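Subject: Structure for you to look at

Hello,

Please look through it when you have a moment.

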Amino acid sequence: MAEIKFSTGNNGNMSIDGKKAGKTALIVIIIVIALIVLFNCFTTVDEGFIGVKYQFGKIVKDDLQAGLQFKIPFIEEVKHVDIREQIYLFEGDAFTKDTQPVTDLHLKATYRFQQDRLSYLIQDVGIDNIKDRYFVPNVQRIAKDIIGRYDADMLVQSRFEIQQKIEEELFAWLIERGVILTSFSIENINFQARFLEAVENKVVAEQDVVQMRHRTEEKRVEAEQIEISAKAQAFRITTEAAAEAEAIALIQEQLTASPQYIEYLKIQNWNGILPQVIGDGVNPFVVLGAGNAANTNTNQNTYTPPVNQD
């Protein structure tokens, strides 16, 4: 039986075109794979973050700085850790030493991670678990413990001191575990209304006592000033009297020693006018029209009392 064969002249061309298309597709696939591998060789670390490089799940580098970083694709992985300050807020209650309830206790802590201890933090608790493992139990434990050392009235007056003690103790606990406490504050603290009223009344009473003491002190100082002034006045009078007495005694002594000095003083101080009445007997001598002793007028009229003839 005769065999019939069919053939076309285009079979050779189709085979060649198929090979070219296959090569082109292969080249495209290789380029795509190369691009994928190339893009996976690099990663970008943003500002405020630090890169931690893992190799098959194990930390091999924990200090990749911000910028473009190289990694082996499909073998190494880079995770970003936020190293900026973060905030933890606590709301709860506590009791004072004298068992007064503290309500609406609001605390605020800001913190950041120690960069050189990121590996420890990741391995110990995990970055995402820091608040739940470190802050939630310990902030309220330390705060309640320190608040419980103070009576309620002292808690109001010593708020800043208590805040410092909580901050110091919490800082010491966290720094050992790779976390830096940057600040801590007591945002709010309240007591029951009746206790606040009692504290207010006590403060008012203490202020009244202080004012009374101030007024008493003013009166005491005023009395002391009066006493000092009186003593000074008495001293001045006594001193003047003593000086005057001493002067009189000295004059008396001098007059006793020189009695003629009195007559000398009389002559020195006489104005030259004779007295109208001379003598102190029963029949005093009266001078009429007495004038200056220096006047020697012979026509001066004088009156001579009559002589008793009996």
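The rings of Tyr88, Tyr111, Phe113 and Phe135 are joined by pairing into a cluster. Please keep in mind that this is a predicted model. In total, the structure holds four aromatic pairs.

One of them is Tyr88 with Phe135, a tilted pair with 5.5 Å from centre to centre and 40° between the planes. Tyr88 sits in strand E6 (residues 86-95) and Phe135 in helix H3, so this pair ties together parts that are 47 residues apart in sequence. Tyr88 counts as buried, with a relative accessibility of 9%. Phe135 also counts as buried, at 0%.

Phe135 pairs with Tyr111 too: the ring centres are 4.3 Å apart and the planes are at 35°, so that pair is tilted. Here strand E7 (residues 101-113), which holds Tyr111, is linked to helix H3, with the two residues 24 apart in the chain. Tyr111 and Phe135 are both buried.

Phe135 is also among the H3 residues that meet H5. Helix H3 (residues 130-147) packs on helix H5 (residues 159-175) at about 140°, and the axes are 10 Å apart. That angle makes H3 oblique to H5, and the crossing is right-handed. On the H3 side the contact includes Tyr134, Asn138, Arg141 and Ile142, and on the H5 side Lys165, Glu169, Leu170 and Trp173. Sorted by class, the contact between H3 and H5 has twelve nonpolar, one polar and three charged residues.

Regards

Key. Residues numbered from 1 in each chain as written. Predicted model: local features only at pLDDT ≥ 70, side-chain atom pairs only at ≥ 80, totals over all residues. Heavy atoms only, no water. Axes fitted to C-alpha atoms, helices over the stretch in contact; angles between N-to-C directions. Helix = DSSP H or I, 4+ residues; strand = E, 2+ residues; numbered from the N terminus. Parallel < 35°, antiparallel > 145°, perpendicular 65-115°, else oblique. Left-handed = near helix turned anticlockwise from the far one by under 90°. Contact = heavy atoms within 4.5 Å. Nonpolar A, V, L, I, M, F, W, Y, C, P; charged D, E, K, R; others polar. Phe/Tyr/Trp six-rings, centres within 6.5 Å; stacked < 30°, edge-to-face > 60°. Buried < 20%, exposed > 50% of the residue type's maximum accessible area, 1.4 Å probe, protein only.
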